[in-house]
Protein chains: 2
Amino acid sequence: MKKKLNQLSVKEVANKISSGETTSVKVVESCLERISEREKEINAWAYIDPKLALENALKTDKKNPKGLLHGVPFGVKDIIDTCDMPTEMGSKIYKGRRPTADASCVALIKAAGATILGKTVTTEFAGSFPGSTRNPRNKDHSPGGSSSGSAAAVADFMTPAAFGTQTGSSILRPSSYCGIIGYKPTFGTYNIAGIKAASQSLDTLGLHVRSLDDIQIITAVLVNRKHTEIKTLESAPKIGICRTPIWNITLEETRNSLEDSASRLSEAGAKIQDIITPDSFEGLEEARIKINCYERSRHMIYEWTEFKHLLSETFQEVINTGINMNYSDYIKAIIQTEKCRQDLDKTFDEVDVLIAPCVDGEAPIGIAYAGNPRLPGLWTAVRLPSINLPTHIGPNGLPVSIQVIGGYRADDKLLSISKWIIEKLGSPTLNEIG
Amino acid sequence: MKKKLNQLSVKEVANKISSGETTSVKVVESCLERISEREKEINAWAYIDPKLALENALKTDKKNPKGLLHGVPFGVKDIIDTCDMPTEMGSKIYKGRRPTADASCVALIKAAGATILGKTVTTEFAGSFPGSTRNPRNKDHSPGGSSSGSAAAVADFMTPAAFGTQTGSSILRPSSYCGIIGYKPTFGTYNIAGIKAASQSLDTLGLHVRSLDDIQIITAVLVNRKHTEIKTLESAPKIGICRTPIWNITLEETRNSLEDSASRLSEAGAKIQDIITPDSFEGLEEARIKINCYERSRHMIYEWTEFKHLLSETFQEVINTGINMNYSDYIKAIIQTEKCRQDLDKTFDEVDVLIAPCVDGEAPIGIAYAGNPRLPGLWTAVRLPSINLPTHIGPNGLPVSIQVIGGYRADDKLLSISKWIIEKLGSPTLNEIG
């Protein structure tokens, strides 16, 4: 069956437009049609302006030369500033707020020819209080958070790509629950100016996509480098299986996905070895939580002083914890995460990547709880690049991912190996047509 | 001679208000009076709203309990967002721009009782294209940049304290030229949310003040810790004299200030030793410039795409350099700065602080050139905390500073030792009454 335009990947859209086979307007129309069919049930979008998107697509069609993202529709998480659409951050405080400039990432993809379809639903200030988005694979289940709308919109073929941000688990968790790919680059890789800060030592901008090749193209635009295809591996990789110190929180489907992946990748030629996290990981989770609460309490002080009554109780608790935290405890937590990161350098002398559980299991039922953040949080704390690959299906028929983690700044290698892995393992959700 | 209210330090203002000796309104009136007398000549302020400042001071006088900065007037560099005043960033692009929220640092000092007097002049987006501010010590000379207005306003007794930011030399250089104290904490210490980004790996929020004690009080507010006086040293410190690899750019007055300081501090009991920067410093300046240009080109992409014609040629050049830079060269530069920082840990096992030249010499004549950024830039690149102490006077009767540099996150120790140093060396400008 031929894919509809809204089902194409970023790379496919760009190729078909550049070859003259289709136009930006047609692709955007197709995405908007999908959105109008499905949005009432999914609630992926905080703001959508079909007229503006079509006007911009029309302008793009008249432009030459074509940028790398020429004609590509994009969703933007609603904590990221856009000068021509509101940015409400999932909070009543910023109802109707219009930023005075685009965030850097938005300006960069626009300059490369992308069309912003709209703003995607975020939990309140990318924290844990959920929005109204539902999991497109099963509307009775959570899409995960905090980049709930971005993951759901990409999974539901409303857009080929969307920006997400991760401070704990906010890209990989919803991507895993919705059965797509989430990518959190090495801390600091993508520019975060114009994004509402949660925790400055952890906040990472990343992507939700349905194809690894798309990450490579979008990265070229965001970091300003020449685009080349993901490098093919010359030999099978050395893979460390890291069950993490919190293996006990994983459900059977996650355990199975890891063990099955290890055994099939070994058969495919990978050198597999078990990796135990360095001793410095003891207490790392608590350190990440401390950093998150302390830094949030600094970032949110304006809203806290002026509009406390408009913050959810959940969010107020986080800020209160931060305000009551001892500054020297926060500094200790920062030093611990730095130490863990450095200790891991030795691990990546032994193996090329790690494979670890992504989240505890399938998406939880209901939308009041966006899921457990602990597993991706470990790797966010140490600033390493990570990708979830939706390789398995759980007992409720919902997606289960493995998490692939690269060395510090070894994002290119991580992508190459992830591509090798997904070719070997396949994905029950990525190649499906919705 | 008794100090006028506008001549008081932060600590003195807070104490006199808390003891009932004066009020916030009286202090603000005194500062506003000074501003109205002098502003025509100095041009320290991008925006000033006397009515609003007085209204806020009146509200503060009615408040209880009193925060640590109760009644203290403050200047805010105009790249820092304020919800009730414009934030124009020294650029025509943002003429009249009104942010939708206060930057974290502004919200934090307001919550502690400070009154924002207005916005201080910045060079264009805190880059090198100067504003119209003049050096209050001699109006024919530059105040330095980019925090030109903040340093000039504090030096001219228009406000006891002001926020500055440093990406290269933007706090210490103007503080040195204007004869006050500039403080750049360890990278990441003060929260920078709501501040226009220049270069995310270098941008550091800091302070312009006339007394070291004020740094201690303001830090307690910004990082949320209990305020205690700066700790007195138990014994004389070990001080490294670091002429840096670019000693050749220093003018005679700067060389003299360093040699004279070394000899007098040795007499006062300090253990003095020469320190040569680690080998990894070779090429560090070029690395900092690369990081600055590359990251600026990412941060400024919205303005570049939409309003290029409103950027100065100087600024366009910086962005162009960044856009044409190879991404892998940028990453190499980042890695080099990280290596230099780590190598310096060994230096700080041997000595407590370094003393280095602050800037090349006295403030240059004219206001078209904000001065040489290279010397403070070295220490910004390695993220270490640094303070300038205006200990000497040059051949034109203008202030000359030494720069004191602390170990990574050893800001408290740096303050203690700086206090010891300024007590031993004295300052020709700090204790003067304007």
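**Entry 1: strands S2 and S3, chain B**

I started with strand S2 (residues 73-77) of chain B, which is joined to strand S3 (residues 115-120) of chain B by 5 bridges. The two strands run parallel. I noted that this is a predicted model. For one pair across the two strands, I found Phe74(B) opposite Ile116(B) in S3(B).

**Entry 2: the sheet in chain B**

Next I traced the sheet. It is open and has 11 strands, with mixed pairing. I wrote down the order in chain B as S1-S3-S2-S4-S6-S5-S10-S11-S9-S7-S8. Which strands stand at the edges? They are strand S1 (45-48) and strand S8 (271-274) of chain B. Each has a single partner strand, so one side of each is left without a neighbour in the sheet. A reminder to myself: strands of a sheet pair through backbone hydrogen bonds, either parallel or antiparallel.

**Entry 3: strand S2, chain A**

I moved to chain A. Is S2(A) buried or exposed? I found 5 of the 5 residues of S2(A) buried, so this strand is largely enclosed by the rest of the structure. Pro73(A), Gly75(A) and Lys77(A) point one way from S2(A). Phe74(A) and Val76(A) point the other way, and all of these residues are buried. I marked Lys77(A) in my list as one of the buried residues.

Then I checked the partners. S2(A) pairs with strand S3 (residues 115-120) of chain A in the parallel sense, over 5 bridges. Pro73(A) stands opposite Thr115(A) in S3(A). Strand S2 (residues 73-77) of chain A also pairs with S4(A), again in the parallel sense, over 2 bridges. There, Val76(A) has Phe163(A) as its bridge partner.

**Entry 4: strand S4, chain A**

I followed that pairing into strand S4 (residues 161-166) of chain A. Here 6 of the 6 residues are buried, so S4 is largely enclosed by the rest of the structure. Which residues lie on each face of S4(A)? Ala161(A), Phe163(A) and Thr165(A) are on one side. Ala162(A), Gly164(A) and Gln166(A) are on the other. Both faces are covered.

I then looked up the pairing of S4(A) with strand S6 (residues 204-209) of chain A. These two strands pair in the antiparallel sense, over 6 bridges. Gln166(A) stands opposite Thr204(A) in S6(A).

**Entry 5: helices H2 and H3, chain A**

I turned to the helices. The axes of helix H2 (residues 24-42) and helix H3 (residues 50-61) of chain A come within 8 Å and cross at roughly 160°. An angle over 145 degrees counts as roughly antiparallel, so H2(A) is roughly antiparallel to H3(A). The crossing of H2(A) past H3(A) is right-handed.

I listed the residues that meet. H2(A) brings Ser24(A), Val25(A), Val28(A) and Leu32(A). H3(A) brings Pro50(A), Ala53(A), Leu54(A), Ala57(A), Leu58(A), Thr60(A) and Asp61(A). By class, I have 8 nonpolar, 2 polar and 1 charged residues in the contact of H2(A) with H3(A).

**Entry 6: helices H9 and H12, chain B**

At what angle do helix H9 and helix H12 of chain B cross? The axes of H9 (residues 284-299) and H12 (residues 327-350) cross at roughly 130° and come within 9 Å. That makes H9(B) oblique to H12(B). H9(B) passes H12(B) in a left-handed crossing.

From H9(B), the contact takes Leu284(B), Ala287(B), Lys290(B), Ile291(B) and Tyr294(B). From H12(B), I noted Asp329(B), Tyr330(B), Ala333(B), Ile334(B), Gln336(B), Thr337(B) and Cys340(B). The classes in this contact of H9(B) with H12(B) are 8 nonpolar, 2 polar and 2 charged.

**Entry 7: Asn396 of chain A**

I picked one loop residue. Asn396(A) lies between strand S10 (386-393) and strand S11 (399-406) of chain A. With 14 C-beta neighbours inside 10 Å, Asn396(A) counts as partly exposed. Its C-alpha atom is separated by 9.2 Å from that of Ala363(A), which is 33 residues apart from Asn396(A) along the chain.

**Entry 8: where the chains touch**

How many residues does each chain give? Chain A gives 25 residues and chain B gives 25 residues. On the side of chain A, the elements with two or more residues are H4 (104-111), H9 (284-299), H10 (301-307) and H12 (327-350). H4(A) gives the most to that side, with 4 residues. I sorted the residues of that side of chain A into 12 nonpolar, 8 polar and 5 charged.

How values were computed:
Residues are numbered from 1 along each chain as its sequence is written. Chains are lettered from A and ligands numbered from 1 in the order in which they are written. This is a predicted model: local features need pLDDT of at least 70, side-chain atom pairs count only at pLDDT 80 or more; totals for chains, interfaces and linings use all residues. Two residues are in contact if their C-beta atoms, placed from the backbone, lie within 7 Å. Ala, Val, Leu, Ile, Met, Phe, Trp, Tyr, Cys and Pro count as nonpolar, Asp, Glu, Lys and Arg as charged, and the others, Gly among them, as polar. Two strands pair if DSSP finds at least two bridges between them. Axes are lines fitted to C-alpha atoms, for helices over the stretch in contact, and angles run from 0 to 180 degrees between N-to-C directions. Angles under 35 degrees count as roughly parallel, over 145 as roughly antiparallel, 65 to 115 as roughly perpendicular and the rest as oblique. A crossing is left-handed if the near helix is turned anticlockwise from the far one by less than a right angle, and right-handed if clockwise. A residue is buried if 20 or more other C-beta atoms lie within 10 Å of its own, exposed if 12 or fewer, and partly exposed in between; C-beta atoms are placed from the backbone.
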